[in-house]
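Colleague: I would like to learn how to read a structure like this one. Could we go through it feature by feature?

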Amino acid sequence: MKLINIKKEEIFPAVILFISFFSIIFSSIAGSTLKESIFLTHYNKSALPLMYVFTALFMTFFVIFYRKLSILKDQISVMLIFNSIFFIFFIFFTFDLTTYKIPIFYVIFEIFMGISVMQFWVIAGEVFNSRQAKRIFTIIISGGSVA
């Protein structure tokens, strides 16, 4: 892999991280389109700035909680806890997305995407050291562009 400057032992983790980043960004784009269209179907566009404010406030709470939890537990446990919480939320919304739940879905989706990107970079930082990251992260990030 001389052309893209990846050593043989780095190919598998790089491909896995590329696919992961592709999936996260693809989900973000598709999910954002879905949440925006559902929200705008039931609410006026003048309510969108309020959703941005709520998202920022609740994101702050989740990041603080995430940070405190990551001090007490290992990274894998923290990721499992947060992903389980979001999974339960999304199952709840799948079966009953009524008018009053739409703003909650909107905020939870944004928080989920923010936490997912943060978790991705924590994992990527643990997989590759700084020298490897300089060479490989450009290729991994291109997964987002492909999405």
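**Reading a helical chain**

Modeller: Start with the contacts: among those in the protein chain with a separation of 6 or more, 72% are between residues 24 or more positions apart. Keep in mind that this is a predicted model.

Colleague: How many helices and strands are there in the protein chain?

Modeller: The protein chain has five helices and zero strands. Read from the N terminus on, the order of elements is α-α-α-α-α. The C-alpha trace spans about 55 × 35 × 25 Å along its principal axes.

Colleague: What share of the residues of the protein chain count as buried?

Modeller: The protein chain has 147 residues, and 32% of them count as buried.

Colleague: Which residues have the most contacts inside the largest nonpolar core?

Modeller: The general idea comes before the case. In soluble globular proteins, nonpolar side chains tend to be buried together. Here the largest nonpolar core has 35 residues, and those with the most contacts inside it are Phe82, Phe86, Phe90, Phe120, Phe128 and Ile140. The elements giving two or more residues to this core are H1, helix H2 (48–72), helix H3 (75–95), helix H4 (102–127) and H5. H4 gives the most, with 11 residues.

Colleague: Take one residue of that list. What is Ile140 in contact with, leaving aside its neighbours within four places in sequence?

Modeller: With those neighbours left aside, Ile140 is in contact with Ala14, Leu17, Phe18, Phe21, Phe120 and Phe128.

Colleague: Now for pairs of helices. At what angle do the axes of helix H1 and helix H5 cross?

Modeller: For a pair, read the distance between axes, then the angle, then the residues that meet. Helix H1 covers residues 11–42 and helix H5 residues 130–146; their axes come within 7 Å and cross at roughly 30°. Angles under 35 degrees count as roughly parallel, so H1 is roughly parallel to H5. The crossing in which H1 passes H5 is right-handed.

Colleague: Which residues in H1 and H5 meet?

Modeller: From H1 come Ala14, Leu17, Phe18, Phe21, Phe22 and Ile25; from H5 come Ile136, Ile139, Ile140, Ile141, Ser142, Gly143, Gly144 and Val146. By class, the contact of H1 with H5 has 11 nonpolar, three polar and no charged residues.

Colleague: How do I read H4 and H5, and at what angle do they pack?

Modeller: Follow the steps already used. H4 and H5 pack at an angle of about 140°, and their axes are 11 Å apart. The two helices are therefore oblique to each other. Their crossing is right-handed. Phe120, Trp121, Ala124, Gly125 and Val127 in H4 meet Gln132, Phe137, Ile140 and Ile141 in H5. This contact of H4 with H5 divides into seven nonpolar, two polar and no charged residues.

Colleague: What about H2 and H3: how do their axes cross?

Modeller: The axes of H2 and H3 cross at roughly 145° and come within 9 Å. This crossing of H2 and H3 is right-handed. On the H2 side the contact is made by Phe62, Phe65, Tyr66, Leu69 and Ser70, and on the H3 side by Gln75, Val78, Met79, Ile81, Phe82 and Phe86. The contact of H2 with H3 has nine nonpolar, two polar and no charged residues.

Colleague: Single residues next. Why does Thr60 count as partly exposed?

Modeller: Partly exposed is the class between buried, under 20% relative accessible area, and exposed, over 50%. Thr60 lies in helix H2. Thr60 counts as partly exposed because its relative accessibility is 44%.

Colleague: Where does Leu40 lie, and what does Leu40 touch?

Modeller: Leu40 lies in helix H1 and is partly exposed, at a relative accessible area of 40%. Not counting residues up to four places away in sequence, Leu40 touches Lys45 and Leu48. Leu40 and Ile102 are 62 residues apart in sequence, and 9.8 Å apart in space from C-alpha to C-alpha.

Terms used. Residues numbered from 1 in each chain as written. Predicted model: local features only at pLDDT ≥ 70, side-chain atom pairs only at ≥ 80, totals over all residues. Heavy atoms only, no water. Axes fitted to C-alpha atoms, helices over the stretch in contact; angles between N-to-C directions. Helix = DSSP H or I, 4+ residues; strand = E, 2+ residues; numbered from the N terminus. Parallel < 35°, antiparallel > 145°, perpendicular 65-115°, else oblique. Left-handed = near helix turned anticlockwise from the far one by under 90°. Contact = heavy atoms within 4.5 Å. Nonpolar A, V, L, I, M, F, W, Y, C, P; charged D, E, K, R; others polar. Core = buried A, V, L, I, M, F, W, Y, C linked by side-chain atoms within 4.5 Å. Buried < 20%, exposed > 50% of the residue type's maximum accessible area, 1.4 Å probe, protein only.
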